[in-house]
Amino acid sequence: MAASAPGLISVFSSPQELGASLAQLVVQRAACCLEGARARFALGLSGGSLVTMLARELPAAAAASPTGAAGLARWTLGFCDERLVPFDHAESTYGLYRTHLLSRLPIPESQVLTINPSLPVEEAAEDYARKLRVAFQGDSVPVFDLLILGVGPDGHTCSLFPDHPLLQRILEDAEKSPLPAALVRPCGGQLCWLLDEAAARLLTLPVEKHSAL
């Protein structure tokens, strides 16, 4: 993590405790959004280890939330870190969530925004952009209520890797070559980092440490 990374940094003694707290964060944010003017909750998910973590913790947390199954009917899901592969492929982000998590959450299929893997890449991107416009009508740019991004071992996030040419469209100053994960800057809301002790061992920034649940 870059030394200048903003936002709240929470450190947990184990991935299991991190996962439980992340699940609680999701359901709390969902409950708040469902009570708002839009009465819906839009959640953006990335892949990797997050799939297993959320599959282990989120179903029980969602079932115990005040909104329960009725609230889940008003969730909208989108995916980043997605690859143009069939849904039964081992690297399909949606495919992994479908197998491990969505089979246990009663979210309407029409509110789960997926790519069309049968299309060529450019057409698949245009098709997904259209689905986002429909789901986020009234927003010039789709804004998720909560976006959960994983960080890869090389610092990549949201399918942006170190030294990728796309990064030089968004860099202006700061570090010479910051890792993609250090470039996350929400236009609104709060940036939160959830780390286990192994990931946070070299940090010198102030952090919130959480003890055993």
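**View 1. D81 sits in the loop between β3 and α4.** In this predicted model, residues are numbered from 1 along each chain as its sequence is written, local features need pLDDT of at least 70, and side-chain atom pairs count only at pLDDT 80 or more. Totals for chains, interfaces and linings use all residues, and side-chain values use heavy atoms, with hydrogens and water left out. Helices (H or I, at least four residues) and strands (E, at least two) are DSSP runs, numbered from the N terminus. Is D81 buried or exposed? D81 is buried, with a relative accessible area of 14%; buried means under 20% relative accessible area, exposed over 50%, and partly exposed in between (1.4 Å probe, protein chains only). Its phi is near 60 degrees, a positive value in a residue other than glycine. Most residues other than glycine have a negative phi.

**View 2. A39 is found in the loop between α1 and β2.** Here too the phi is positive, about 55 degrees, although A39 is not a glycine. A39 is partly exposed, with a relative accessible area of 28%.

**View 3. Helix α2 covers residues 49–64.** The 16 residues reach 24 Å from the first C-alpha to the last, close to the 22 Å expected at 1.5 Å a residue; the expected span is 1.5 Å times one less than the number of residues. Where is the kink in α2? Look at L58, shortly before the proline P59, where α2 has a kink of about 40 degrees. The bend at a residue is the angle between axes fitted to the seven residues ending there and the seven starting there. Buried residues of α2 include L50, M53, L54, L58 and P59. Among the elements covering them are α1 (15–34), β2 (41–45), β3 (75–79) and β4 (146–148).

**View 4. Three strands form an open sheet in the order β3-β2-β4.** The pairing is parallel; two strands pair if DSSP finds at least two bridges between them. β3 and β4 are the edge strands, each pairing on one side only. β2 and β4 pair over three bridges, and G44 has L147 in β4 as its bridge partner.

**View 5. The largest nonpolar core has 40 residues.** A nonpolar core is a set of buried Ala, Val, Leu, Ile, Met, Phe, Trp, Tyr and Cys residues joined through side-chain atoms within 4.5 Å. Which residues touch the most other members? They are F41, L43, W75, Y97 and I148. At least two residues come from each of α1, β2, α2, β3, α4, α5 (121–135) and β4. Follow W75 to meet some of its contacts (heavy atoms within 4.5 Å): not counting residues up to four places away in sequence, W75 touches V26, A30, L34, F41, L43, L58, I107 and Q111. A second, separate core of six residues includes I9, L191, W193 and A200.

**View 6. Another open sheet of three strands has the order β5-β1-β6.** Its pairing is parallel. β5 (192–196) and β6 (208–210) stand at the edges, each with a single partner strand, so one side of each is left without a neighbour in the sheet. Strand β1 (residues 8–12) pairs with β6 over three bridges, and V11 stands opposite K209 in β6.
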